[in-house]
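Biologist: I am new to this structure. Please show it to me, and I will ask about its terms.

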Amino acid sequence: MVDDPYVYGQIAAANALSDVYAMGGAPKTALNLVGYPDDKDPELTWLGEILRGGAERCAAAGAVIVGGHTVRDKEIKYGMAVTGVIHPSRILTNAAARPGDKLVLTKALGTGFVTTAAKAQECPAETLQAACESMVQLNDIGRDAMLEAGAHSATDVTGFGLAGHSYGMAEGSRVTLAFELSRLPLLPGAAALAQKRFLTRASATNAAHVKPGLRIEGKPDPLRLEFFWDAQTSGGLLVSVSADRAEAMAENAHKRGAKYACVVGEVLERGEHALVLRP
C-alpha cells in the first residue's frame with residue numbers, strides 16, 4: 001500500500017484499532033499478526049520497521065502489544081487482533097440509527113484511488129502524503145466527539161466503502177440513510193485520480209452489493225459516485241447523531257484534528273430502499 005515500512009505499520013495498526021473505537025470502546029491489548037517472506041528476505045529488512053510503526057500507534061492509543069504470531073508468506077501482511085473495554089450499557093453498534101438523526105463522517109474519502117495510483121507511481125507526492133496522514137490518524141478523535149454528542153449508532157468505514165458500511169447500518173437499524181454526494185469530503189488531489197485505471201476490484205463489488213437497496217435521485221456527479229463505492233483503508237467513522245448535535249459534533253472533531261469531519265446526510269424512516277443518494 002505504501003513503500004515506507006514504518007508508515008505501513010502505523011496504517012495497519014490504526015485500521016485494526018478502529019473497530020473498538022467505532023463501538024465507543026478503549027483499546028487495551030493487541031496481538032501482532034504477521035505474514036512475511038523470510039525465505040526471500042532472510043535479513044528481515046522491513047519487518048522491524050513495520051512492527052515499530054504498529055507499536056507507535058498502539059502506544060498512542062494507550063494499548064499494549066502482548067504477543068503475536070508470525071508465519072512465512074509469499075507477500076508481506078500485517079495486522080492486529082485488538083481487545084478493548086467498554087461499559088455494557090454504553091456499547092454503540094451499527095444497528096441503532098434513528099429517524100431524524102444526521103450522519104457525520106469523520107474522515108475524507110479516497111484512500112483506495114490514492115494508494116492504487118501510488119502503486120502505479122502516478123500519484124502526486126502531496127496527495128499520497130495527505131492520504132497517509134489520514135490513514136495513520138486514530139479514530140479516537142471520532143469516538144470522543146461522538147460520545148460527547150450522545151451518538152446513537154456508528155460504524156467505521158473500511159473495505160466495503162461508505163456504500164457497504166452505510167448499507168449495513170441501514171439494514172441493521174431498519175431505516176433509510178440518505179446521502180448528499182456533494183457534501184462528501186474528499187482527500188486533497190484524490191478527485192483527479194478517480195479514473196477507471198485506478199479503480200480497485202472492491203469498487204465494483206461494493207456497488208453490486210448495495211444495488212438492490214439503493215435509489216439514486218436526480219443526476220449525481222459520476223465522479224462523486226465513485227467515492228461512495230471506493231474501498232477505504234483506516235477510514236473514518238460514520239456516526240448517526242441527533243440532528244441538533246450533528247454540527248457541534250463535527251466541529252468538536254475538527255478541534256481534535258479530524259479536519260474533514262462534516263455532516264453528509266440524514267436518517268429517514270425505513271422506505272422502499274435502504275440507501276438514497278442525492279446530488
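Biologist: Why is Trp 229 called buried?

Modeller: Trp 229 has a relative accessible area of 11%. Buried means under 20%, exposed over 50%, and partly exposed in between, with a 1.4 Å probe and protein chains only. So Trp 229 counts as buried. This is a predicted model: local features need pLDDT of at least 70, side-chain atom pairs need pLDDT 80 or more, and totals for chains, interfaces and linings use all residues. Residues are numbered from 1 along each chain as its sequence is written, and side-chain values use heavy atoms, without hydrogens and water.

Biologist: What makes Phe 228 and Trp 229 an edge-to-face pair?

Modeller: Their ring centres are 5.4 Å apart and their planes stand at 65°. Rings of Phe, Tyr and Trp (its six-membered ring) pair if their centres lie within 6.5 Å; planes under 30 degrees apart are stacked, over 60 edge-to-face, the rest tilted. Therefore the pair is edge-to-face. Phe 179, Phe 228 and Trp 229 form one aromatic cluster.

Biologist: Why is Phe 228 called buried?

Modeller: Its relative accessible area is 0%, so Phe 228 is buried. Phe 228 is also among the residues with the most contacts inside the largest nonpolar core, which has 59 residues.

Biologist: What makes a set of residues a nonpolar core?

Modeller: The set holds buried Ala, Val, Leu, Ile, Met, Phe, Trp, Tyr and Cys residues, joined through side-chain atoms within 4.5 Å. Another core, of 19 residues, lies apart from the largest one. Met 249 and Val 263 are among its members.
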